[in-house]
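Biologist: Could you walk me through how to read a few features of a model?
Modeller: Gladly, let's bring it up and take the features one at a time.

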Amino acid sequence: FYRNSGSSGGAFAYRNLGTATVSMNDVIFEENTATNYGPAIYFATAPADYVYIDNATFINNQQNSTQTIDYKGGGAVAILGGGGATRDVWFTNSTFSNNTATNFGGAIFTTAIGRVRLDNVSFTENSAGQLGGAITMGNAKIVGTNVIFEDNTGQYSGGAISLQEAQPGLLLLDKVLMTGNSSPQGYGGAI
């Protein structure tokens with residue numbers, strides 16, 4: 001998926017009102033753009049959806065919001081939920097590099113009620129103009145194993161990960177390396 005654009009999900013958008021499974025293997029999302037959410041992938045789904053993404057590369061994608069303060073983001077991927085939605089979104093053996101968001105989540109922005117699973121995933125040199133250089137999460141459960149966060153920047157909070165206090169979630173990390181992440185004008189160079 002190369003140089004695609006849209007308001008949300010410049011390369012791939014998935015909105016479903018029923019139960020479904022999405023699986024992607026050996027994919028590259030490069031230089032895609034969106035003005036609202038997730039220039040590479042945008043998921044806005046209903047209960048019991050399952051998404052599996054394996055061996056994916058997300059590189060140089062840009063979420064370019066027209067407003068500097070709005071609750072939009074996801075420099076590569078946006079996962080939104082509501083109404084008690086439950087889902088599992090799995091990223092395995094994947095990389096997120098040099099993705100940017102105007103406001104939130106340089107690589108991933110999630111407000112989904114459900115679980116985002118990261119296994120053998122790296123986040124390198126992603127940036128957000130507000131919060132969460134790699135990830136901004138609210139109302140989500142993120143479980144990560146063998147994850148690297150390196151040289152990500154969240155301008156005001158969470159160089160690697162920003163947890164939104166107004167929308168509490170759960171963050172479980174095991175065998176994780178965080179190095180060189182920063183929040184130049186705020187709090188939490190890593191989290």
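Biologist: Where does threonine 110 lie, and is threonine 110 buried or exposed?

Modeller: Threonine 110 belongs to strand S11, residues 108-110. Its relative accessible area is 1%, and the cut-off for buried is under 20%, so threonine 110 counts as buried. Setting aside neighbours within four places in sequence, its contacts include Ile79, Val116, Thr136 and Met137.

Biologist: How should I read confidence here?

Modeller: As a general idea, where pLDDT is low, the predicted coordinates should not be read in detail. In this protein the mean pLDDT is 88, with 87% of residues reaching 70 or more. Confidence is lowest in strand S2 (residues 12-15), at a mean of 85, and highest in strand S16 (residues 153-154), at 97.

Biologist: What is the order of the strands in the open sheet?

Modeller: In general, strands of a sheet pair through backbone hydrogen bonds, either parallel or antiparallel. Here 6 strands make an open sheet, ordered S1-S4-S7-S10-S13-S16, with parallel pairing. Strand S1 (5-8) and S16 are at the edges with a single partner strand each, so one side of each has no neighbour in the sheet. Alanine 34 stands opposite glutamine 63 in S7.

Biologist: And the aromatic rings: how many aromatic pairs are there?

Modeller: A pair of aromatic rings is described by the distance of the centres and the angle of the planes. The count here comes to 13 aromatic pairs. One of them joins phenylalanine 96 and phenylalanine 123, stacked at 4.8 Å centre to centre with 10 degrees between the planes. This pair links distant parts of the chain, 27 residues apart: phenylalanine 96 is in strand S9 (residues 87-97) and phenylalanine 123 in strand S12 (residues 115-124).

Biologist: Which ring pairs with phenylalanine 123 at 4.9 Å?

Modeller: That is phenylalanine 149: the centres are 4.9 Å apart and the planes at 5 degrees, so this pair is stacked too. Phenylalanine 149 sits in strand S15 (residues 141-150), 26 residues from phenylalanine 123. Relative accessibility is 0% for phenylalanine 96, for phenylalanine 123 and for phenylalanine 149. Ring pairs link Phe1, Phe29, Phe58, Phe91, Phe96, Phe123 and Phe149 into a cluster.

Conventions:
Residues are numbered from 1 along each chain as its sequence is written. This is a predicted model: local features need pLDDT of at least 70, side-chain atom pairs count only at pLDDT 80 or more; totals for chains, interfaces and linings use all residues. Side-chain values use heavy atoms; hydrogens and water are left out. Helices (H or I, at least four residues) and strands (E, at least two) are DSSP runs, numbered from the N terminus. Buried means under 20% relative accessible area, exposed over 50%, partly exposed in between (1.4 Å probe, protein chains only). Contact means heavy atoms within 4.5 Å. pLDDT is the predictor's confidence in each residue, from 0 to 100. Two strands pair if DSSP finds at least two bridges between them. Rings of Phe, Tyr and Trp (its six-membered ring) pair if their centres lie within 6.5 Å; planes under 30 degrees apart count as stacked, over 60 as edge-to-face and the rest as tilted.
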